[in-house]
Amino acid sequence: MQKERLQQAVPRLLAWYRIHKRDLPWRHDRTPYTALVAELMLQQTRVEAVKERYVAFLARFPSARALAGASEEEVLKLWEGLGYYSRARNLHRAAKIIAEHGFPTTFAGVRALPGVGDYTAGAVCSIALGLPVPAVDGNVLRVLSRLYADDSNVDDGAVRARYAALLGEVYPPETADFCEALMELGAIVCVPNGPPMCGACPWAGLCKAHLGGAEARFPVRAKKSARRIVHATVCVLRCGGRYALEKRPAKGLLAGLWQFPLFEGEAPAFGEALAEKHAKHVFTHVEWHMTGRLVETESELAPYVWVTARELRETYALPSAFRAFTEWVT
Ligand code: SF4
């Protein structure tokens, strides 16, 4: 039964996609490498935020070989603003492997690349290698749970595996279009926030949630645990036109990236604050509630690295968590 419903859904979805798909930069001139770059950039990041970064990244690193030869600092700089910097480091490592051995041609080979999980491997295989491997992300879980009015908890790995198996049974020869069409439907019609636009949906006549008027009940999710709140003080220290930076620890949140000196709780007294502002940054499991202070110091204090505003803009990758305070860097 489930398979039959999906078999009917596939051609409707493909026909809809060919007409309504968005013109996105990674849908042009696709290679396995560019598909990998796009998929890694798109993990946990909005399409709108990725578009420009993707174009700039590929202009600088048009091939795995070009990326493999770059310094980590430069790669992180081009990743600036996208967050989750471990993805950039993994992509850099993957590029070195690809430059040496060529792009893998099997699911297992793609899955073995650094930073590539089942979803990303499935997407790259379907989109760029013509392999019928399902890629089940949050969009796909949502549209399928609605198509079936399935009240299983979609955060349960077994549900994801069941949907992947079902998709595998109906995968059409147009692997790239099918993979992207499922995600597209979830992104622009059966949307994650707010009511789905069933009137524009190619599945309106098949979707059990819609036919039962119960779209909002699906997907069913386990309650998320609350994020931990961390109060921190961010000190923008300035001395004669140079600014203090420090590197974050090599492990954990924003590992190894540059930041303005940051202290959990209160900061030491560096001097009178010339300006103060509050900002919040939300990570997956933690929220930073920050008090930022601009302070002029008399000397370039240790252990910080002191850089000009231009160096900060052009060379140092500063995570977007600190964006609220960069207006003080002039
Ligand atoms: S009919 Fe509505 S609820 Fe069902 S898949 Fe389409 S947009 Fe989503």
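Which residues surround the ligand? In this predicted model, the ligand is surrounded by Arg146, Val189, Cys190, Pro196, Cys198, Cys201, Ala204, Cys207, His210 and Glu215. Sorted by class, the residues of this shell comprise 7 nonpolar, 1 polar and 2 charged. As for its location, the ligand sits in the largest cavity.

On the side of helix 1, the contact is made by Val10, Leu13, Leu14, Trp16, Tyr17, Arg18 and His20. Helix 11 contributes Asp177, Phe178, Glu180, Ala181, Leu182, Glu184, Leu185, Ile188 and Val189. Taken by class, the contact of helix 1 with helix 11 has 11 nonpolar, 1 polar and 4 charged residues. Val189 of helix 11 takes part in this contact and also belongs to the residues that surround the ligand.

A second pair is formed by helix 9 (residues 138-147) and helix 10 (residues 157-170). Here the packing angle is about 80°, with the axes 11 Å apart. Helix 9 and helix 10 are therefore roughly perpendicular to each other. Val140, Leu141, Leu144 and Ser145 of helix 9 meet Arg160, Tyr163 and Leu167 of helix 10 in this contact. The class count for the contact of helix 9 with helix 10 is 5 nonpolar, 1 polar and 1 charged residues. Arg146, one of the residues around the ligand, falls within the 138-147 range of helix 9.

Some details of the backbone also deserve a look. The peptide bond leading from phenylalanine 218 to proline 219 is cis, with omega near 0°. Proline 219 is placed in the loop between helix 12 (208-211) and strand 1 (228-239). Another cis peptide bond joins alanine 302 and proline 303, where omega is about 5°. Proline 303 is found in the loop between strand 6 (286-296) and strand 7 (305-308). Finally, glutamine 44 has a positive phi of about 55°, although this residue is not a glycine. Glutamine 44 lies in the loop that runs between helix 2 (32-42) and helix 3 (47-60).

Notes: Residues numbered from 1 in each chain as written. Predicted model: local features only at pLDDT ≥ 70, side-chain atom pairs only at ≥ 80, totals over all residues. Heavy atoms only, no water. Near = heavy atom within 4 Å. 1 Å grid on protein atoms, 1.4 Å probe; cavity = no way out; pocket = protein on both sides within 12 Å on 5 of 7 lines; lining within 4 Å. Sits in = over half its atoms within 2 Å of the grid points. Nonpolar A, V, L, I, M, F, W, Y, C, P; charged D, E, K, R; others polar. Axes fitted to C-alpha atoms, helices over the stretch in contact; angles between N-to-C directions. Helix = DSSP H or I, 4+ residues; strand = E, 2+ residues; numbered from the N terminus. Parallel < 35°, antiparallel > 145°, perpendicular 65-115°, else oblique. Contact = heavy atoms within 4.5 Å.
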